[in-house]
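Have a look at the model alongside them.

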Amino acid sequence: MTARLDRELSPAELEAFGQELDALRQRTLADLGETDARYIRRVRSAVRLCCWSGRALLMFGWFPPTWLLGTLLLGLGKILENMELGHNVMHGQYDWMNDPELQGRTYEWDIVGPSDFWRHTHNHVHHTYTNVLGMDDDVGYGVVRLFPEQRWKPFYRWQPLWVTIQALLFQYAVAIQHLRLDKLIKGRISKEEVKPLARQLGGKTARQWVKDYLVFPLLALLLGANALAVLTGNLVANLLRNLWTFLVIFCGHFTEKAAVFSPQVLEGETRGHWYLRQLRGSSNLSGGPLLHILTGNLSHQIEHHLYPDLPARRYAELAREVREIAQRYGQHYNTGTLWGQFRTVLRRIWIYRRPSAEMV
């Protein structure tokens, strides 16, 4: 692996490190207010505007300008709903508003995976055990070897193919993660335990398919429009959302300088240790406001892992202080352009398909 620049911290330094990051969190919490509320309401309005405008334009059929613009607007609405609205709301970032539509425990998002699945596999498991091998299922999602510390298996030889399929069908890959099919195959859980989860997933998937691939194409037929153009526009919009989400998540977790940890790191882990693990296991993306909004501000993945329940719109301002704190304590702050970070992800996918390989 590429050598990191981090230095080891003494117990006293770790405590001080944690206290500084805790203090930054408390200052931000105390400052939350109407500006944050207006922002997320505007995002919600933008999602509705993009989705309904896109669907309306698709009713004009295959006419190139309207079909292309309608598909792109619908895809944009789905990306915003997935990244900046749904993901962040489900972290409880806006629970303090007491808006029933923006409650983290009840929000249901516009993908096939039930929100309850995500709240467990992502909010609880991933954010508690970030990059801990054998504990965090997001490390490779069970089908990709991205670090030499992961035990090699023969099917990793074909992982460029598995990753391509995963990217195209990313919402499904995330959804089935909660079923724990790996444990079922190994006999660690029973079919009876999986069946109710599979039924829940099947019900949510059916509702999504009916909405995108039946209701709106049928509406097009009733209006004398081209149903196939509408169905195809919905399919491409979902594909765009899948590919973008895959890109953002992999660039936030599996870049060249991201670290993974053995389960032993959890023994006696203090708040300072936990913060340090989030910092070392995460990767940021540099760019402008549009990139940050389209990624749900997960372009600030470091800040998201440090403060998952703070409104993501605050991450840009938090990043300046977090970076300064990290540098003061001799810790590498992993950031780079989207394509620069993605190149290192692709290198990992290619290199670690082999049983013995090292990044150089």
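Predicted model: local features only at pLDDT ≥ 70, side-chain atom pairs only at ≥ 80, totals over all residues.

1. Glycine 70 counts as buried, because its relative accessibility is 0%, and the cut-off for buried is under 20%. Its place is in helix H3. Setting aside neighbours within four places in sequence, glycine 70 is in contact with Gly54, Leu57 and Leu58. There's also arginine 55, which is 15 residues from glycine 70 in sequence, with 6.2 Å between the two C-alpha atoms.

2. Those partners lead on to the next helix pair. Helix H2 covers residues 34-58 and helix H3 covers residues 64-90; their axes come within 7 Å and cross at roughly 150°. Angles over 145 degrees count as roughly antiparallel, so that is how H2 and H3 run relative to each other. The crossing of this pair, H2 and H3, is left-handed. Sorted by class, the residues of the H2 contact with H3 come out as 16 nonpolar, 6 polar and 5 charged.

3. H3 also packs against another helix, so how do the axes of H3 and H9 cross? They do so at roughly 40°, coming within 8 Å, and that angle makes H3 oblique to H9. Here H3 passes H9 in a right-handed crossing. If you want to click through the contact, the H3 side includes Trp67, Thr71, Gly75, Ile79 and Met83, while among the H9 residues they meet as a group are Ala229, Gly233, Ala237, Leu240, Trp244 and Val248.

4. Nonpolar side chains tend to be buried together in soluble globular proteins. In this model the largest nonpolar core has 57 residues, and Leu85, Trp244 and Phe250 are the ones with the most contacts inside it. Elements giving two or more residues to this core include H2, H3, helix H5 (159-168), helix H8 (191-222), helix H9 (227-253) and helix H14 (338-351). Which helix gives the largest share of this core? That's H9, with 11 residues.

5. Not counting residues up to four places away in sequence, Trp244 touches Ile79, Met83, Leu291, Leu294, Thr295 and Leu338. Ile79 and Met83 are also listed on the H3 side of the contact with H9, and Trp244 on the H9 side.

6. Asparagine 98 isn't a glycine, yet its phi is positive, at about 60°. You'll find asparagine 98 in the loop between H3 and helix H4 (115-128). Is asparagine 98 buried or exposed? Its relative accessibility is 63%, so it counts as exposed.

7. The other one is tyrosine 141, again a residue other than glycine with a positive phi, this time near 50°. Tyrosine 141 is found in the loop between H4 and H5. With a relative accessible area of 14%, tyrosine 141 is buried, whereas asparagine 98 is exposed.

Technical notes:
Residues numbered from 1 in each chain as written. Heavy atoms only, no water. Axes fitted to C-alpha atoms, helices over the stretch in contact; angles between N-to-C directions. Helix = DSSP H or I, 4+ residues; strand = E, 2+ residues; numbered from the N terminus. Parallel < 35°, antiparallel > 145°, perpendicular 65-115°, else oblique. Left-handed = near helix turned anticlockwise from the far one by under 90°. Nonpolar A, V, L, I, M, F, W, Y, C, P; charged D, E, K, R; others polar. Core = buried A, V, L, I, M, F, W, Y, C linked by side-chain atoms within 4.5 Å. Buried < 20%, exposed > 50% of the residue type's maximum accessible area, 1.4 Å probe, protein only. Contact = heavy atoms within 4.5 Å.
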